[in-house]
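Keep the structure open as you read.

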Amino acid sequence: MTRNLHLHRSNQTKLLRSDGRARCKFCGTPIEFFDRYDSTRIPLTPEFPTRAVPRRMRWHLHRGVAYPGSDGEYCRIPHPAVCPAVDHPELPGELEEIVRVLAVRMQQAIQAGSFTPYQEPAEEVDVESPEPEQAQDVRHIVAYFGTLRIAPCAIEDLQCIALERRTGERCQNGVHDVGEGTWQQVDIDTSQVAGRQGQMLLDRTQGQVWAWHLKDFHAARRWWAQRCPEHNDSSQPDAVGSEFVPFHPVRHDDYILDSRPTGYEAPQHSAEVVVHEGPRGRTACARCSNSTVADVPKGWLCWQCDRAEKRRARVHQRWAGKRL
């Protein structure tokens, strides 16, 4: 049976409520996924009185989109903060009773045979952003000015998630457009790579990873929504949830590329300006596509890359000092 559904064009979310309901695979608790303000998704609990929830764990909904904070007497809590399958070393006292009740329900469901918990060790990031079920062996990182997310596959295989009105199935179009981005080395969040494993990762990558860097905000918004150009601004709902998850250097260590991928260059057209070196031409930055008409030395870096290079040098120096 096909579904002929559509949403108003001005609606802020394309996630149908019937598709947002799920159960946590770690504890079996019913949860609801909502689109977040930053284009990712978050699993939330039912509403609780705002006064009973710590301020930093309050979330509210506006036109179907989740935002931090509360806008009234009731709010929601991110499920990872109270999932009984997760270790909560700094759990606020106000939430201890909630976690205890959910833990009892989980054990009762396991003993009754109605629930089998997921076997992998659970952390809050696993519960908040579960890995896509159809993830492939090759997964590319997509970046836009400090925001890094990892796709379920190579960027050329990334599929639109819109519900096709004609067929009632998921759209078969691809998301990738070779003209909207370029492969660049981008900085990773060093606060996420603590410990021995993190130190080994920093030694290997020098604090950078190869990612498909999007050129502008409009392209990034389409990629994060995982929509093809045909369904970018359409009122069609999503057939499945977004398959992007926030990139974590240690969690996604196996997918980090050691060299720049080839075969993704945009076709050259005669009308394009050719960047070349010379006193009257433009000199390209050694790291990105920025350029200058000034007379600069070979290996010149633009101000953005120069600042990033200095930051990487400081981070490397700090880690080198710790090893000594």
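Two residues separate S8 and strand S9 in a hairpin, and Phe 145 in its turn has a positive phi of about 45°. The strands here are DSSP runs (E, at least two residues), just as helices are runs of H or I with at least four residues, and both are numbered from the N terminus. S8 and S9 (residues 147–150) are antiparallel and share four bridges; strands count as paired if DSSP finds at least two bridges between them. Ala 143 has Leu 148 in S9 as its bridge partner.

S9 also runs antiparallel to strand S12 (residues 245–246), joined to S12 by two bridges. There, Ile 150 is bridged to Val 245 of S12.

A word on how to read all this: the model is predicted, so to speak, and local features need pLDDT of at least 70, side-chain atom pairs count only at pLDDT 80 or more, while totals for chains, interfaces and linings use all residues. Residues are numbered from 1 along each chain as its sequence is written, and side-chain values use heavy atoms, leaving out hydrogens and water.

Now to the packing. In soluble globular proteins, nonpolar side chains tend to be buried together. A nonpolar core here is a set of buried Ala, Val, Leu, Ile, Met, Phe, Trp, Tyr and Cys residues joined through side-chain atoms within 4.5 Å, where buried means under 20% relative accessible area with a 1.4 Å probe, protein chains only (exposed is over 50%, partly exposed in between). The largest such core has 16 residues, and Val 142, Trp 212 and Trp 223 touch the most other members. At least two of its residues come from each of strand S8 (141–144), strand S11 (208–214) and helix H5 (217–225). A second, separate core holds 14 residues, including Ala 143, Val 186, Leu 202 and Val 245.

Which residues does Trp 212 touch, beyond four places in sequence? Among them are Ile 141, Val 142, His 176, Trp 183, Trp 223 and Tyr 264, a contact being heavy atoms within 4.5 Å.

Stepping back, the protein chain has six helices and 14 strands, and 42% of its 324 residues are buried.

How far can you trust each part? The predictor's confidence in each residue, pLDDT, runs from 0 to 100, and the chain averages 80, with 78% of the residues scoring at least 70. S8 has the highest confidence, at 94, and helix H6 (residues 303–323) the lowest, at a mean of 59. Over residues 270–280 pLDDT stays under 50.
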